[in-house]
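This report concerns the structure shown below. Please read it with the sequence and the coordinates at hand.

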Amino acid sequence: PFLPLSSLLYNTAPSLPLAPAAPRRPPPPRGKRRGGEEGATGGRRELGTGVGEMVGLAEATARLERAVEAARAPGGTDSATAQLELLHQINTQLSTAGEEVIKGSQDAIEAALKSLAQLGPAPPICRSMVNVLATIYKRGARTGLYNTVKDLTSWLSNKSSSPSSIPARCATMQLLAGLCAAHGPAMVSLCLDAVVLLIKLTRAAESPVRVVAWAALAQAYPGTGGVPKLSQEEASKSMKQTMSERGTSAELRATCLRAAAPLALHAEGLWTGDLFDVLSAMLIKALDDPSASVRATASVSLSELLLAALARPAGFVSVTAARGSRRGGLGGGGAKPSLPTKRSDALTPIEAVAVVLSTAFVKTSREVRVGIARAAVGLLHGMRRADLERHAEFMLTTFLGMAAAPYDASKASVILRSLGGTGSPAECVSHILRAGMGERLSERGQHMMANTIAAQVRSCMIRVAQSRAASRTLHSRAP
């Protein structure tokens, strides 16, 4: 009953007898299931598994239908928590169930979700509904996708339809945008029709509807496979109207600005028109908005727009060649980079991006300079490492030229002074170089950056010394 101490210390305990192993059962004959039925493909999956999945999914769907009916009844209780739990349960079961099980419950789930959309659920519930529908059409029958999208668009285009309340219209737009983003390539024509409808809804009379319409539009753009020119013009026109309209809320303006970068990223022929110029000018103007939240959104959206422009280089060279530009490029083999001064002089997307940042930085207010500095940092952090290393010298020269912008320190705002800064051009450029380039460049790039800054400082010191010497000469010659 007791083991010696030495066996415990040195792991020399005698082995104890093991219990006899249970006899193995013979495997079932091939092609037979445990339920007694023969599989069609000779598989060994149990019959009870599929039946259990179907029963569990049908039970969860029935509970969701009862929750929707309880919420729809006069004086019904708030069942948002139960709806979220049921939607999560249904989505989890859909992710693991078989195709036949999903197809068997698909019609009931679609009907329950359409009834729930007419009640105008909250955005978290709408996102869960989108996840459920996206999973159904990914793993089940896709024929119901087209009917669902047609029903949603007809509800939004016809004001006399059942979801006429503002929450119901907002929920319908969220569902439509989510389906376009998830399954847009499978229904390109329907997705383009949805985009046209959402653009019209951005001019609705109700402000909540317009906010959700802009958010849904930004979400639906990736599923179009390319926004056509007519939709681009309508969207940019609606953006200008929203930003110039008096009395609009800060939330509406900020949501409108968030749709600029997705439009540029998925637009057909970005460089064949003036879409990039229109969007960049609108975002730079919004950097001087009275609302701080709108200014912050404009800065982030501007960085995303510039990244979208760098991601769409196709067609840029042909456009500049058609304009008859013969300016030298970025230079190579140690040549000094050439800095364009106008958008029409840019030969590459990186030059167009630099023109947008530099021209707006020099001739604008402090708030705009601060916003451009934030956008430049976001741009540098969003660029690929190889692209940043290749264009580091050109971008550094551009930023150092921005530091010479005129500035009146006496007009610095009290807020900026209290935060320890004045928003001067040199301070903004220092932030760009430190937070944007210095943290991402390799050792070779940092060495180049240090040498360029040192040469710039040395040149400034020489010019200051020459100016002082000329001033002393003039004073000595004065009578």
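## Confidence of the model

The structure is a predicted model. The protein chain has a mean pLDDT of 81, and 77% of its residues reach 70 or more. Confidence is highest in helix α11 (residues 250-258), with a mean of 97, and lowest in helix α1 (residues 5-9), with a mean of 44.

Residues 1-19 have pLDDT below 50; beyond near neighbours in sequence, this stretch has seven contacts in the model. The pLDDT is also below 50 over residues 325-335, a stretch that has 24 contacts beyond near neighbours in sequence. Where pLDDT is low, the predicted coordinates should not be read in detail.

## Packing of α16 and α19

Helix α16 (residues 349-362) packs with helix α19 (residues 392-402) at an angle of about 10 degrees, and their axes lie 10 Å apart. Because angles under 35 degrees count as roughly parallel, α16 is roughly parallel to α19.

On the α16 side, the contact involves Ile350, Glu351, Ala354, Leu357, Ser358 and Phe361; these meet Phe394, Met395, Thr398, Phe399 and Met402 of α19. By class, the residues of this contact comprise eight nonpolar, two polar and one charged.

## The largest nonpolar core

The largest nonpolar core holds 120 residues. Those touching the most other members are Met173, Met239, Phe276, Leu279, Phe399 and Met437. Phe399 of α19 also takes part in the contact with α16.

Helix α9 (residues 207-220) supplies the largest share of this core, nine residues.

Conventions:
Residues are numbered from 1 along each chain as its sequence is written. This is a predicted model: local features need pLDDT of at least 70, side-chain atom pairs count only at pLDDT 80 or more; totals for chains, interfaces and linings use all residues. Side-chain values use heavy atoms; hydrogens and water are left out. pLDDT is the predictor's confidence in each residue, from 0 to 100. Helices (H or I, at least four residues) and strands (E, at least two) are DSSP runs, numbered from the N terminus. Contact means heavy atoms within 4.5 Å. Axes are lines fitted to C-alpha atoms, for helices over the stretch in contact, and angles run from 0 to 180 degrees between N-to-C directions. Angles under 35 degrees count as roughly parallel, over 145 as roughly antiparallel, 65 to 115 as roughly perpendicular and the rest as oblique. Ala, Val, Leu, Ile, Met, Phe, Trp, Tyr, Cys and Pro count as nonpolar, Asp, Glu, Lys and Arg as charged, and the others, Gly among them, as polar. A nonpolar core is a set of buried Ala, Val, Leu, Ile, Met, Phe, Trp, Tyr and Cys residues joined through side-chain atoms within 4.5 Å. Buried means under 20% relative accessible area, exposed over 50%, partly exposed in between (1.4 Å probe, protein chains only).
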